[in-house]
Amino acid sequence: MTLKLYGKGGRSFRCLWMLEEAGIAYEHVLVDWAAGESHTAEFLAINPNGKIPVLVDGELQLFESLAINYHLARHHASDLWVDNSHDESLALQWLAWGMGELEGPHDAANRDQSDIHHERLDVSLNALRQTLAERTFMLGDTFTVVDLNTASLLLRPQYRKVARDDATLGTWFRACTTRPALQQAMARPQ
Ligand SMILES: N[C@@H](CCC(=O)N[C@@H](CS)C(=O)NCC(=O)O)C(=O)O
């Protein structure tokens with residue numbers, strides 16, 4: 001059964017990137033959240049939060065962009081998934097960190113109409129710096145869904161320059177963002 005990704009731009013882009021990495025067939029159902037299309041009765045039936053993205057994989061309906069990517073890696077792109085239970089726990093740690101320490105402050109700054117909280121961002125990024133000072137990718141020598149998810153959070157215009165120009169993060173960020181699958185996702189209709 002063909003996978004279906006619902007969304008248009010915004011946080012659905014990170015799942016598009018993952019789908020392109022997986023190289024599998026999928027249907028992209030354009031749901032324009034900015035035009036209110038994520039609050040129709042039809043859409044609320046697949047995501048009661050009224051938000052994109054949503055992935056439908058057979059019987060499974062999944063919301064939360066980073067969790068969708070974990071599912072896609074685990075079930076459809078095993079080379080981007082982890083191969084031991086310790087790394088699986090670390091993968092969960094980074095998912096929680098990404099949402100709580102990167103995405104959360106960004107959303108708060110948006111709500112306040114304030115600039116990104118640079119000091120807080122810098123403190124958050126220290127955890128990533130410490131990890132990447134010791135290895136090429138977040139879990140070791142190879143690119144995994146953990147790198148994809150984290151780099152996709154840092155693609156936001158406010159973060160991108162910080163990540164690219166950072167002495168420790170720059171090389172990793174460039175390795176993630178020059179992957180052909182990201183370019184393919186960007187070339188798709190948004
Ligand atoms: N934590 C969720 C956030 C999803 C989210 O906020 N999506 C936005 C677009 S980027 C949305 O659909 N907003 C519609 C609304 O809030 O009405 C995720 O990562 O999937």
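Helices, of at least four residues, and strands, of at least two, are taken here as DSSP runs and numbered from the N terminus. The model under discussion is a predicted one. Glu64 has a phi near 80°, a positive value in a residue that is not glycine. Its surroundings can be described by a neighbour count: a residue is buried if 20 or more other C-beta atoms lie within 10 Å of its own, and exposed if 12 or fewer do. Glu64 has 18 C-beta neighbours inside 10 Å and therefore counts as partly exposed.

The peptide bond leading from Ile52 to Pro53 is cis, and its omega is near 5°.

The discussion now turns to the domains. The domain assignment divides the protein chain into domain 1 (3-78) and domain 2 (79-182). Between the C-alpha centres of domain 1 and domain 2 there is a distance of 21 Å. To the contact, domain 1 gives 12 residues and domain 2 gives 13 residues. On the side of domain 1 that touches domain 2, helix H1 (12-22) and H3 each supply at least two residues. The residues of this side of domain 1 comprise six nonpolar, two polar and four charged.

Definitions and conventions: Residues numbered from 1 in each chain as written. Predicted model: local features only at pLDDT ≥ 70, side-chain atom pairs only at ≥ 80, totals over all residues. Domains from an automatic or database assignment. Contact = placed C-beta atoms within 7 Å. Nonpolar A, V, L, I, M, F, W, Y, C, P; charged D, E, K, R; others polar.
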